[in-house]
Amino acid sequence: MQPWRFIRITRRELRQQIQALVEQERVRTAEALGQRSDDFMRLKVEGINDCAEVLVAALMDGREAHIFGRRTLPEMDLASLSCAIQNLWLAARAEGLGMGCVAVRTAGTGRPAGHAGRCQTAGGTVPGPGRGVLRGAHAGARRLGPRAAIERDALRKPLGRALMSVALLSVAGVALDALLGEPRRAHPLVAFGRYAGRLEQRFNAGGRGWRSHGVTAWFLAVVPLTLLVTVLSWLPYIGWLVEILALYCALGLRSLGEHVRPVAEALRGGDLDEARRRVGYLVSRETGELDDTAVARAATESVLENGSDAVFAALFWFVVAGAPGVVLYRLSNTLDAMWGYRNERFERFGWPQRASTICSTIFRRGWWP
């Protein structure tokens with residue numbers, strides 16, 4: 001059995017009595033500070049009368065004085081009470097609630113701290129020993145004391161900023177892709193593809209690479225760039241720009257539309273040869289013998305697959321892990337497209353590159369129940 005209790009104050013007159021008690025203690029404390037009394041009195045204790053909730057954390061009268069540890073350490077009562085207040089404070093922060101604390105202790109009873117009697121007040125009895133008056137107010141309350149406001153901001157600002165920044169950065173990245181499309185020159189993924197080709201020549205010459213070579217090549221291709229983007233995204237002033245550019249380079253929404261729209265226009269115009277040629281840019285199989293239905297099916301399948309990889313999965317990993325997450329995913333996805341074939345050349349070397357499949361599976365499981 002704990003030696004303390006939380007008491008919820010609901011009566012208005014009792015709130016006023018607690019406010020008066022705290023004010024009296026504040027004046028006494030200021031008198032004890034001497035020359036610093038004026039500075040101390042400038043600190044206002046507000047909110048007890050107007051906040052959403054007032055709790056009193058009080059040590060109980062009649063509790064056993066000598067339970068394990070309290071015989072030799074009577075201050076353990078106060079220590080236990082302090083832990084209870086701290087836990088309540090942490091719970092309030094987790095729930096987005098502002099909370100302040102004022103401690104008032106009854107003294108002069110000749111007993112060890114935490115073992116005093118009760119303090120009589122008009123209209124009721126307020127427990128005196130180890131009394132903590134907790135000004136707990138919802139974060140949306142109109143009036144908060146200074147400490148409650150600080151605690152509210154300490155919790156709400158980082159969380160609110162994080163959610164708002166992710167939303168704004170995502171919108172900015174999508175808008176940039178819609179406005180500019182893929183870079184016509186020096187596309188980062190094109191440069192990455194050339195670098196990956198050199199790594200494949202080095203570690204899989206003649207298709208003789210083993211899984212260990214594939215793992216080494218994957219780490220050399222993906223990890224350094226991901227770490228670089230991570231460090232750049234942490235930099236002040238330019239970190240947000242790195243986040244937007246990373247998402248922009250990973251997205252392919254406008255490019256996808258630019259590639260599939262000519263197929264649809266050719267089919268509507270009855271130009272099957274042009275539709276076959278255009279759909280050949282989207283798929284890796286032979287398209288010369290496809291009829292109009294097969295061309296439409298191939299284009300639709302390509303839009304769905306590439307839309308998942310280059311749009312929705314990229315946004316998902318950006319929201320989950322920011323610029324490092326979307327870069328790690330997009331590079332892994334590119335290597336999977338280059339090295340993930342199940343043929344004689346890549347059967348062993350390309351095995352680690354199927355990490356993109358794991359990322360895509362996490363995305364699909366996390367996005368759809």
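I began with Gly-322 and found its place in helix 10, residues 292-339. A reminder to myself: this is a predicted model.

Is Gly-322 buried or exposed? I looked up its relative accessibility, which is 15%. The cut-off for buried is under 20%, so Gly-322 counts as buried.

Next I asked which residues Gly-322 touches, leaving out those up to four places away in sequence. They are Glu-243 and Trp-317. I also checked Ile-244: 78 residues separate it from Gly-322 in sequence, while their C-alpha atoms are 9.6 Å apart in space.

Then I turned to helix 1, which covers residues 12-33. I noted 22 residues and a reach of 32 Å from the first C-alpha to the last, close to the 32 Å expected at 1.5 Å a residue.

Which residues of helix 1 are buried? My list reads Leu-14, Arg-15, Ile-18, Gln-19, Val-22, Arg-26 and Ala-30. These lie on the same side of helix 1, because they cover an arc of only 155 degrees around the axis. A handy rule for me: an α-helix has 3.6 residues a turn, so residues three or four places apart point the same way.

On the face turned away from the buried side of helix 1, I found the exposed residues Glu-31 and Ala-32. After helix 1 comes Gly-34, with a positive phi near 70 degrees.

Last, I looked at the whole chain. I noted 11 helices and six strands, and 40% of the 369 residues count as buried. For contacts between residues at least 6 apart in sequence, 70% join residues at least 24 apart.

Conventions: Residues numbered from 1 in each chain as written. Predicted model: local features only at pLDDT ≥ 70, side-chain atom pairs only at ≥ 80, totals over all residues. Heavy atoms only, no water. Helix = DSSP H or I, 4+ residues; strand = E, 2+ residues; numbered from the N terminus. Buried < 20%, exposed > 50% of the residue type's maximum accessible area, 1.4 Å probe, protein only. Contact = heavy atoms within 4.5 Å. Expected span 1.5 Å × (residues − 1). Arc of directions from axis to C-beta.
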